[in-house]
Amino acid sequence: MLTKKGKYGLKALVHLAQLPAAQLAFVGDIASSNNIPKKFLDAILGELRNAGFVQSRKGKEGGYRLARPADEIKVGHVVRVLDGPLAPIPCASRTQYQRCEDCNEATCQVRHLMLEVRQAIAEVLDQRTLAEMRDIVLDDLTVAGGELAPAQKVIA
Amino acid sequence: MSVARANSIIPSSIIIVGGGASGVVLAAHLLKSVNPDLRVTLIEKRPHFGQGIAYSTLLSAHVLNVSAAGMSAYADDPLNFWRWLQGQGLISQEQTPQTPFYAPRSVYARYLKELLDELEAREKETGRLRLIREESLSISPTSSGVEVTLANGTSVVAHLAVLATGHDEQPGAGQGHAIRMGTEADTALDPDASVLVLGTGLSMVDAFLSLEQRGHRGEIVAVSRRGLLPSPHRKGAPIKLDVADIPLGTQLSYFVGWFRDLIRENQKAGIDWRDVVDGLRPFNQKIWQNWPSSAKRRFVEHTKAWWDIHRHRLAPEVHARVTEAVKSGRIRPVAGRVVGIAADDGFAVEIQSRHTQALETLQVARIYDCTGIARDISTTSNSVVRSLVDRGLARPDPLRLGLDVTAKCEIIAGDGTASAKILAVGPLTRGTFFEIDAIPDIRVQSARLSKQLLG
């Protein structure tokens, strides 16, 4: 399940992916333009830095930027770092398995199917890069606003 | 062999350069195809197919480092080798595959030989398999396919060629006076002389077992950067993981932290670390391929030595012999590096300790190269690979672990273009697939490549 943390993290990364390479963004700017509570964003960006997706610089001129080109960062990789194992329900995880109070996992058909669903989630999210996600958004805006530069073709 | 068909969608004639274990396993997978036009030509310079360097040893103490239940040549029939062993009476019918059995490597060579003999007999009528005992010198792309030049002056043509030349036969440049065990240079030794082994991994253990067999009594000093010896196998079952559980594409430290936590949690539940390490195995290539190049580099530099001793383990009986030999002083593992070698009557070797920086001079009669399998491919002793690199048709991968290949096993030329006609399997593809030295990985790669080429 994508938590708020995962969603905010992805929005922040897309924000960074829209900047010219090497340009730093202030946490406050990322937070306000994406409607993310700043304190929460601080924590999220800290985790993304530990995992090697963003770099930060301290001080007045400081801020965050992507550690690697946006087309090298996969969405699924980011979600695992922020939300843990990809899983539609908490019991459908092998490493962070959380038993449901109200059922027996050995005979639970729901869990069985959800284990299959998580493979499908991984297949989609591990194919998509941040760059593709950024450009999906651009595509929509082009249709709506009609004034942005033509979006790059999204390769499925 | 009809070269005129080169433009057809399915390439039907394929040359495999190298008839060691990877070459035979690949041929076996290709020949599962029902395509009657298929032509597989397997070229091997050694007198025997299926042996290569790995399985040519006759020493019974040189056992496989993987239990027989993991050593089938076929990806879709994992117990093929197990049943063969039972058929040979080497394991009882009652023994279950969960109980490890470490077969001598010479027995594995016999298994591959019989497998190839059977294929040869089966394909005699069809003419789909041709074996050539000759050294290959070079591969050249032609307008319609490839041409492989042989040492006897003839050449063979096909739609495409797959390199399966495996590990290098000669020590890498810069190993100075070191020789490989079992080669011609490995002449008789004074049984009481000290010898130096470069490396402390599985190859060092092989060298120790060979020296023991020859009645060698002198001290064996084994030196590597960290001086770590391989761990033993233990009966167990790998934990179950899905790709959705595993952090991909992160920095190395993040991944290592996750993996340590995973081991710790499992240990709390009474599960052995080996079962966690083995549970990760199906995903190792994926993990490697998703790492940024900085993480790959750091892994090779700092983490690989630790990974190797936990991942590439010894049969328990062999481990017990090594442990005993270390205790009695027959093997002396040293963490350090060789800083100088002077050849006189034997060699005076200067070693610097990793921990104390102290220098020690050893007088040894021989230096064996057991630094393992990774070496710069552009200095390879293999003429086919060498000539491809020299002509710009192939290049080393960025970490110089092997040849640069695509995820579809196509070799990448000096200018970055992938070849549709020259491919590679096995250890040569380590830069892209990382763990691709052992049969369980090579058979999966072969199955995938067969599907890719023949549908």
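Author: S224(B) touches G199(B) and T200(B), leaving aside residues up to four places away in sequence; contact here means that the C-beta atoms, placed from the backbone, lie within 7 Å. The model is predicted: local features need pLDDT of at least 70 and side-chain atom pairs count only at pLDDT 80 or more, while totals for chains, interfaces and linings use all residues. Residues are numbered from 1 along each chain as its sequence is written, and chains are lettered from A and ligands numbered from 1 in the order in which they are written.

S224(B) belongs to strand 9 of chain B, residues 220-224. Helices (H or I, at least four residues) and strands (E, at least two) are DSSP runs numbered from the N terminus. S224(B) counts as buried because it has 23 C-beta neighbours inside 10 Å; the cut-offs are 20 or more other C-beta atoms within 10 Å for buried, 12 or fewer for exposed, and partly exposed in between. From S224(B) to H355(B) the C-alpha distance is 12 Å, across 131 residues of sequence.

The domain bounds, which come from an automatic or database domain assignment, divide chain B into domain 1 (3-168 + 375-454), domain 2 (195-231 + 313-369) and domain 3 (243-311). The centres of domain 1 and domain 2 of chain B, taken over C-alpha atoms, are separated by 32 Å. Their contact takes six residues from domain 1 of chain B and nine residues from domain 2 of chain B. On the domain 1 side, four of the residues are nonpolar, two are polar and none is charged. Nonpolar covers Ala, Val, Leu, Ile, Met, Phe, Trp, Tyr, Cys and Pro, charged covers Asp, Glu, Lys and Arg, and the others, Gly among them, are polar.

Chain B as a whole holds 12 helices and 15 strands. Of its 455 residues, 42% count as buried. Among contacts in chain B between residues at least 6 apart in sequence, 69% join residues at least 24 apart.

Chain B also has an open sheet of six strands with mixed pairing, in the order 3-2-1-7-15-14. Strand 3 (129-133) and strand 14 (410-412) of chain B each have a single partner strand, so one side of each has no neighbour in the sheet. Strand 14 of chain B runs antiparallel to strand 15 (residues 418-424) of chain B, joined by two bridges; two strands pair if DSSP finds at least two bridges between them. E410(B) is opposite L423(B) in strand 15 of chain B.

In the contact between the chains, chain B supplies 15 residues and chain A 21 residues. The chain B side has eight nonpolar, four polar and three charged residues. Within chain A, strand 1 (residues 54-57) and strand 2 (residues 63-66) pair antiparallel over four bridges. They form a hairpin with five residues between them, and G59(A) in the turn has a positive phi of about 95 degrees. Helix 4 (residues 75-83) of chain A is mostly covered, with eight of its nine residues buried. G84(A) follows helix 4 of chain A, with a positive phi near 80 degrees.

How values were computed:
Two residues are in contact if their C-beta atoms, placed from the backbone, lie within 7 Å.
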